[in-house]
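Here are my notes on the model you sent over. Have a look at the structure first, then read on with it open beside you.

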Amino acid sequence: MSIIEQALQKITALQSKYKENQKHYWIAEQIKDICRENSDNAQHIFNDIDDDKMSIAEVEKKINAYAKNHGGCCPPQPADKIIRDFFGLGDATAEKPKHTSSADNMINLEDFI
C-alpha cells in the first residue's frame, strides 16, 4: 500500500467521527486532497495527524478563527493555506524555479569581438 493510500485511510478513519454535514468532515476531505497531490505531503500528514494536537478539530479551530476575522467566511484557498501551514507543508501556489535550457546558458563568441 502506498503512503498516499495509507494517509487517506488514516484520515478517513479520523473523519468517520463526523457526519457529512459537519465542517470537520469537509476539512478532512480537503486534507485528503492535499495528500493526493504527492507522496511528500501524504507522508508528512500521515506522520503528524492524530486525534490530539494535530487533529482535524484543531485545523477546524484555525479555519474558524480566520472566518471570524473575515466576515464569517473562509474560502477554499485560505483554508488550503491554513491546512498546509498547520502541517508544515509548502505553499501549493509557490512558483517553482523555471528550468533553463542549455541554449539560455550559451555564450556568443561574437559578443567578445
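Does aspartate 80 count as buried or exposed? At 18% relative accessibility, aspartate 80 counts as buried, where buried means under 20% relative accessible area, exposed over 50% and partly exposed in between, with a 1.4 Å probe and protein chains only. Point 4 comes back to this residue.

1. Ground rules. This is a predicted model, in which local features need pLDDT of at least 70 and side-chain atom pairs count only at pLDDT 80 or more, while totals for chains, interfaces and linings use all residues. Residues are numbered from 1 along each chain as its sequence is written, and side-chain values use heavy atoms, with hydrogens and water left out.

2. Overall layout. The protein chain has five helices and zero strands; helices (H or I, at least four residues) and strands (E, at least two) are DSSP runs, numbered from the N terminus. Of its 113 residues, 32% count as buried. Among contacts with a separation of 6 or more, 64% come from residues 24 or more positions apart, a contact being heavy atoms within 4.5 Å. The chain exposes about 7900 Å², with carbon and sulfur atoms supplying 52% of that area; accessible areas come from the Shrake-Rupley method with a 1.4 Å probe, and for residues only the protein chains shown count as cover.

3. Helix α1. This helix covers residues 3–15, and its 13 residues reach 18 Å from first C-alpha to last, close to the 18 Å expected at 1.5 Å a residue; the expected span is 1.5 Å times one less than the number of residues. Its buried residues are Ile3, Ala7, Leu8, Ile11, Leu14 and Gln15. Seen down the axis of α1, these buried residues fall within an arc of 135 degrees, so they line one face of the helix; the arc is that of the directions from the helix axis to the C-beta atoms. They pack against α2 (23–37), α3 (39–48) and α4 (56–68).

4. A search of the whole structure finds eight salt bridges, each a side-chain nitrogen of Lys or Arg within 4 Å of a carboxyl oxygen of Asp or Glu. One of them joins arginine 84 to aspartate 80, with the closest N and O atoms 2.6 Å apart. Both residues lie in helix α5 (residues 76–87), four residues apart, about one turn of the helix. Arginine 84 is buried too, at 3% relative accessibility. Glu37, Asp80 and Arg84 are linked in a network of salt bridges. Also in α5, lysine 81 and aspartate 85 are four residues apart and meet in a salt bridge at 2.9 Å, N to O. Here both partners are partly exposed: lysine 81 at 44% and aspartate 85 at 47%.

5. Lysine 61 pairs with glutamate 58, the closest N and O atoms being 3.0 Å apart. The two lie in helix α4, three residues apart, about one turn of the helix. Glutamate 58 is partly exposed, with a relative accessible area of 25%.

6. Cysteines. How many disulfides does a search of the whole structure find? The search finds zero, a disulfide being a pair of cysteine sulfur atoms within 2.5 Å. Cysteine 73 is in no disulfide, and the nearest cysteine sulfur, that of cysteine 74, is 6.9 Å away. Cysteine 73 is partly exposed at 41% relative accessibility, whereas cysteine 35 is buried at 0%.
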